[in-house]
Amino acid sequence: MTGAAKLLTPSFRLDGKRALVTGASRGIGEAAAHALAQAGAEVTLAARSLPELDAVAQAIRAQGGRAKTLPLDVTDSSAVQRDIAAQGPFQILVNSAGTNRPALLTQTSDEDLDAVLLLNVKAAFYLAREVARGLIAAGMPGSLINISSQMGHVGGPKRTVYCASKHAIEGLTKALAWELGGQQIRVNSLCPTFIETDMTRPMLADPEFMTLVQSRIALGRLGQVQDIMGAVVFLASEASALVTGSALMVDGGWTAQ
Ligand code: NAP
């Protein structure tokens, strides 16, 4: 029988851990970076725009957190390989860099198809591969978190490519969970509903679309970036030590219907 004194909740703290967050200059990635830093991790912020990264790093430091910047185009496989090898190992990876180009199938160009798959799928693969290489070489456990979407589980209007990309991320997550489990590297996806960010503001400006979105969220409101922060810390920390290959829905109930 387990003694009651031993039943301590595993820690949600991340002190001493190094985290890499892509897409950290804005939106969900920025919020994830703040959350990880507030839990004690040293956070490396990656995106293309250095001024935006600097602003986020300064905000994190102003709150007593530790943050570094890494200007990086995550679609450049050689640059990802070089920079992660130089800066790693990272015990936590949040793959948040991503995009959407909503369009009907018949109006989707090859360029749109390639751009969305390159950033949403291939770049996430490049990052996971390099972070895993660093962890395996160092013999360290880790937690890889892919910012997927509710659209990794259902379809949506004008979202053929986006849904394909996020369903691919779900498959990547499950396969990696099995491949890396033996090294104690956990891999999970986090699946938000519509969150107000620079990516979604233009879509949500369409009243018809906004009505559709709100009608599908059981909690009756759009998500804010704060809504993903607790989920990121949970997946990054020992609190989720037996969670791998899972999709954590932060979707206000969208996929429950
Ligand atoms: P966002 O506000 O548009 O931010 C995108 C971030 O990705 C920026 O930091 C951007 O910085 C970075 N980025 C874009 N291209 C990059 C590249 N080639 N290399 C490195 N960084 C790059 O997007 P968001 O709404 O936060 O979305 C973040 C993730 O959440 C995406 O994967 C998205 O699919 C997913 N998601 C979003 C929602 C939502 O409703 N917002 C819902 C479900 C899932 P730079 O431009 O400076 O590089």
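Predicted model: local features only at pLDDT ≥ 70, side-chain atom pairs only at ≥ 80, totals over all residues.
View 1. A nitrogen atom of the ligand lies 2.9 Å from a backbone N or O atom of V74. Residues are numbered from 1 along each chain as its sequence is written, and side-chain values use heavy atoms, without hydrogens and water. The side chain of D73 has an N or O atom 2.8 Å from a nitrogen atom of the ligand. At I195, a backbone N or O atom is 2.7 Å from an oxygen atom of the ligand. Such polar contacts are pairs of N or O atoms within 3.5 Å; within protein, one must be able to donate a hydrogen and the other to accept it, and residues adjacent in sequence count only if both atoms are side-chain atoms.

**View 2. The shell around the ligand.** The ligand is surrounded by 30 residues, each with a heavy atom within 4 Å of it. S25, R48, Y162, I195 and T197 are the closest. Helices α1 (27-38) and α5 (160-180) each give at least two shell residues; helices are DSSP runs (H or I, at least four residues) and strands likewise (E, at least two), numbered from the N terminus. The shell holds 13 nonpolar, twelve polar and five charged residues. Here Ala, Val, Leu, Ile, Met, Phe, Trp, Tyr, Cys and Pro are nonpolar, Asp, Glu, Lys and Arg charged, and the others, Gly among them, polar.

**View 3. The largest pocket.** The ligand sits in this pocket: more than half of its atoms lie within 2 Å of the grid points. A pocket is an open set of points on a 1 Å grid over the protein atoms alone, where a 1.4 Å probe fits, with protein on both sides within 12 Å along at least five of seven lines; lining residues have an atom within 4 Å of a point. The largest pocket holds about 950 Å³ of space, counted as the space filled by probe spheres set on points joined across faces, edges and corners. Its lining has 42 residues, with S96, A97, G98, T99 and M199 nearest the centre. α1, α4 (110-138), α5 and α6 (201-204) are the elements that give two or more residues to that lining. By class, the lining divides into 16 nonpolar, 16 polar and ten charged residues.

**View 4. The second largest pocket.** Its volume is about 310 Å³. P141, G142, Q184, R186 and E238 are the closest to its centre among 18 lining residues. Strands β5 (142-147) and β6 (185-192) each supply at least two residues of this lining. Eight lining residues are nonpolar, seven polar and three charged.
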